[in-house]
Every structure is written in C-alpha cells, then in structure tokens.
Amino acid sequence: MVAEHRADPLEDHEAARLKEYGYTQELKREFSFWHAAALGFADISPIVALYGMFALALAAAGPIFFWGLFLVLGGQMLVALVFGEIASRWPLAGGVYQWTRQQVGTGPAWFAGWAYMWTLTIAMSTVAFAAASFFAPVLGIDDADKTLLVIMAFGFLAFGTLANTIGQWVLKVFVSLSIAAEFIASIIVGIVLLVGFQVNPISVLWETSASGAADFNWFTFAWLGAVAFIGWSFLGFEASGAIAEEVKKPEQSVPWSIIVVLGFVGAVVIFSAFAILLAIPDIDAAMTGNVADPVVQTMEYHFGETITRPLLAIIALGFTASMVALQTAVSRTLYSFARDRAVPFYGFFQGLTDQHKLPARAIVFVGVVAALFLLVNLGAEQIYTLLVSFVVGGFYISFAFPVIAALYLHVTRRHERGPFNLGRLSFAVTLVASLWLVFELVNIAWPRYADLAWYENWGVILMIVILGIIGAVAYMTVPEKETKAVV
C-alpha cells in the first residue's frame, strides 16, 4: 500500500504567497529563523567588521574613532528596520533587487541588483584574499608574497563554492562553526584583554591622532574619514533577505533575523574595539599608521606567538564564512534576475540541482568571476584597487534603492504594511534611513586624501561612473524590461 502524501499547510501557504508575485516554489525551504540569522551573522561577521576597518580608522582619527561605531551602527539599524518592513511585505529571493522591483519596477531594480552583485562578488575576492593573509602565518609562512596568497585565496574560493553547492546542510554546519569561531576570536579574546591586559586608560578613547588630547569636534574632517572606514563594518546584515524563499515563515523570520543579527554583531564589534583600544601596547605608534595590524600586534604582544597563531586560524575561518555567505547571497540574486529573464543566458542561470534545488550554476559562476578578480590583482594592481574601492560604496548604493523606493511609496501614500511593520514610525524611520545612506555614501566617496594616487582618492566615484556606464549598456541587452510593481 502506497502511503498517502499529506500536504504541509505552511508550505501551501508560502507557495500561495509566491504565486501572488507570479512565481512558483522552486527553491527548497530548508532554513529556519536561526539558520537565516546565522547566514547573516556569517556575512556581516564581527571579525571582518572589526579587522577590516580598525587600523584605517585608528590612523585616520585616533582612538576617538570608537564613537563613530555608534553613529554608523545607529544609521545602519534604521536601514535594517526599513529592510525588515520591505522583506516582510515581499519575502522573495534576491534581496535588494526584488525589494526594489516590487516597489517601483524593473528599471530601478535592475540597477540596484547590478550594483549589489558587483559589490558582493568583488567582496568575495577581497575576503578570500584576507583569509589567505591570516592563514599563511598559521602555516609558518610569515612573509608570503602576493602570488602565493592569491593561490591560497583560490583554494578558499573553491572551498566556498563546494560548500554552497553540496547542500543546505553543509551551509548550516559551516556557518554554525563560524559563529563559534567568532565567539572565541571576538568575545572571549575581548574579555581576556579587558580583564588581564589593559595598558591604556579609558580616557584614551577621547584622544585624536592630530592632538593626542581630549579636544574634539564631532564634525572634524579626520573623524568623518574614520566614519567612512567604519562604514564597511556593518554590512551584510541583509543577506538573509536574499534567501527568503528558502526560509520558513519568511514574513516573520527574515525581518527579525536582519535586525537581531545587526544588533548583536554591532554590540560585539563595539565591545571588541573597546577592549583592543585599551590593550594596544604602543597606542602612539598605532595612531601614526606605522603598525600594519594593531589588532594582531596587540594579541602577539600579550599572548605570544603560540596562542596568536591558532587565533589567526580562527580569524581566517571568520573571513571564510563571510565569503561563503556573500556567495550565497549573490547567487540567489543572480538566480532571481534569471527567473525574471532580466539577464542574458537566463535559462542557464535559473537552473537548479535535482536533489537540493540549489542554483549551482549561479554559485559556480560568481565563484569563477571572483577568482578572475584575484587574477587582476596579480597583473593590474591599480585596477584591483579601483574594484576594491567600490565595494563599500556599492553596498550603500544598492541599499539606497529599496530604502528610497520605500520613502517614495510613503510620500505618494502607496506604502503597504507587511506582518512586520513600524506602524506610525515607519515614515520617519524611512526618511532618516534614506538621509543616512546618502550622507554616508557621500562621506565614503569624498576624495579627502590628497596623498593617495588619484585613482585611489577618486576610486569610489570613478568606479560608480564606470560601472554605471557599463550597466546602462548591459541593460540594453536585457531580454525582458517589463515594469512590475505590486503595490
């Protein structure tokens, strides 16, 4: 006797919701709230958030950069709240692309997705390279040349691609391990430094690189430069929105995962930065920029090489997890593009694996493109520098599309609430979030460092123009350009 298959009411409900937007349930709903949150946690990564900006922000403004963490986290939390509202109303694969498309149509959404996919794919290569840089000393290679680091980065990219294509369970296990690594490298190390190795007084948090004193102007050029560097610390919290069609009860799970992850990571980064600033053995040397990596130097000084090397392995794991999560998010965005026939070869990119229903072709493709960016680093370092300079600005550009679209719907009185909503505060939060994104994008793109090469100083603006022109040409080849906004 053949057992009768019983339909799952929840699956039926979620499939019915997708039909409202003209889609069928093709991806498997394998992720719970915790898995979605873990993916977002891995993407934003306290390790990447801290190590990516610490030395630069410290050199730009001195220890007083610490207070900029609160400003950036507050601004990004407003963005996360708006994303939560939009994701609750439109829980679709593709994140910022679909959030923009459902609000104001295909044209703006295409360019939002274009910026987002470039940003995430370039970020994959930079994070893989950073993982190799931290892992090389673990292997006893203290002075690895760029060629060796690129080869090692290829290995990290290959591992990430494999982890993303085997099955959802691999992704679940790996991001869980990464959370454990983040806990050790961020929270435990921070507690140990704070309790046993404090060498600087708390008053150091008000010192500047310019004066070394407590005199401070919140709007000084140097401090805003530090805020620009801090701007890349709290990015990636939107990743769970890109996998919304693989999450159970996405209308509730995705918004809360976005908000909770950003809040938790923000708290960890602020605590870790506080502990490290109080433990830096030579704060004056670190402020001048003469110390390449003040965080690693501080650990080596207090813990010794025996303990520091395993910690470097944990840091490399954190960067690897971030790379894997980036690849997950960008592959779902490319799949969403292909499903809407909004990209050449859309039939190829929307293909799914038979068993796990994963967009393996999209996953492999973005892995290959990220590897090509690493090759550019070998042959044309200036071009690679330009690409990297776009990453932070690219996040803020792609974030601005759905947030400003939401503001437009508020102004035109067409805003619709989802299960998660901010009620009467929605308009005010959306307005301030829009202003914050514009402010920080201008702050990041501002060519404030005259001592840099022109292409570095103007890198963000230059890459926005170049990719904008390429995007406009690419958009002309899009098979489908229909406008769709479900409001």
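This is a predicted model: local features need pLDDT of at least 70, side-chain atom pairs count only at pLDDT 80 or more; totals for chains, interfaces and linings use all residues.

Residues are numbered from 1 along each chain as its sequence is written, and side-chain values use heavy atoms, with hydrogens and water left out.

Let's start in the middle. The largest nonpolar core has 163 residues, and Tyr51, Phe54, Phe65, Phe319 and Phe399 touch the most other members. A nonpolar core here is a set of buried Ala, Val, Leu, Ile, Met, Phe, Trp, Tyr and Cys residues joined through side-chain atoms within 4.5 Å. Buried means under 20% relative accessible area, exposed means over 50%, and partly exposed is in between (1.4 Å probe, protein chains only). Helix 6 (residues 106-138) gives this core its largest share, 18 residues. Helices are DSSP runs (H or I, at least four residues) numbered from the N terminus. For a closer look, pick Phe54: leaving aside residues up to four places away in sequence, Phe54 touches Phe65, Ala273, Ile276, Leu277, Ile280, Pro294 and Val295. Contact means heavy atoms within 4.5 Å.

Pro294 and Val295 are also on the list of buried residues in helix 13, along with Val296, Thr298, Met299, His302 and Phe303. Seven of the 10 residues of helix 13 (residues 294-303) are buried, so this helix is largely enclosed by the rest of the structure. What does the covering? It includes helix 3 (46-61), helix 6, helix 8, helix 11 (250-279), helix 12 (283-288) and helix 14. Just after helix 13, Gly304 takes a positive phi of about 85°.

Now for the helix pairs. The axes of helix 3 and helix 9 (residues 221-230) come within 8 Å and cross at roughly 175°. That makes helix 3 roughly antiparallel to helix 9 (the cut-off is over 145 degrees). Met53, Leu56, Ala57, Ala60 and Ala61 of helix 3 meet Ala222, Trp223, Gly225, Ala226, Phe229 and Ile230 of helix 9. By class, this contact has 10 nonpolar, one polar and no charged residues.

Helix 2 (residues 33-44) and helix 8 (residues 168-196) pack at an angle of about 55°, with axes 9 Å apart. On the helix 2 side, His35, Ala38, Leu39, Phe41 and Ala42 meet Leu171, Lys172, Val175, Ser178, Ile179 and Glu182 of helix 8. The residues of this contact divide into seven nonpolar, two polar and two charged.

Which backbone spots deserve a click? Most residues other than glycine have a negative phi. Ser45, though not a glycine, has a positive phi of about 50°. Ser45 is in the loop between helix 2 and helix 3 and is buried at 0% relative accessibility. Arg341 also has a positive phi, near 55°; this residue is in the loop between helix 14 and helix 15 (346-349) and is partly exposed at 38%.

Finish at Arg309, in helix 14 (residues 305-339). Arg309 is buried, with a relative accessible area of 19%, and touches Pro137, Val138, Gly140 and Asp142, not counting residues up to four places away in sequence.

Key: Axes are lines fitted to C-alpha atoms, for helices over the stretch in contact, and angles run from 0 to 180 degrees between N-to-C directions. Helices (H or I, at least four residues) and strands (E, at least two) are DSSP runs, numbered from the N terminus. Ala, Val, Leu, Ile, Met, Phe, Trp, Tyr, Cys and Pro count as nonpolar, Asp, Glu, Lys and Arg as charged, and the others, Gly among them, as polar. Angles under 35 degrees count as roughly parallel, over 145 as roughly antiparallel, 65 to 115 as roughly perpendicular and the rest as oblique.
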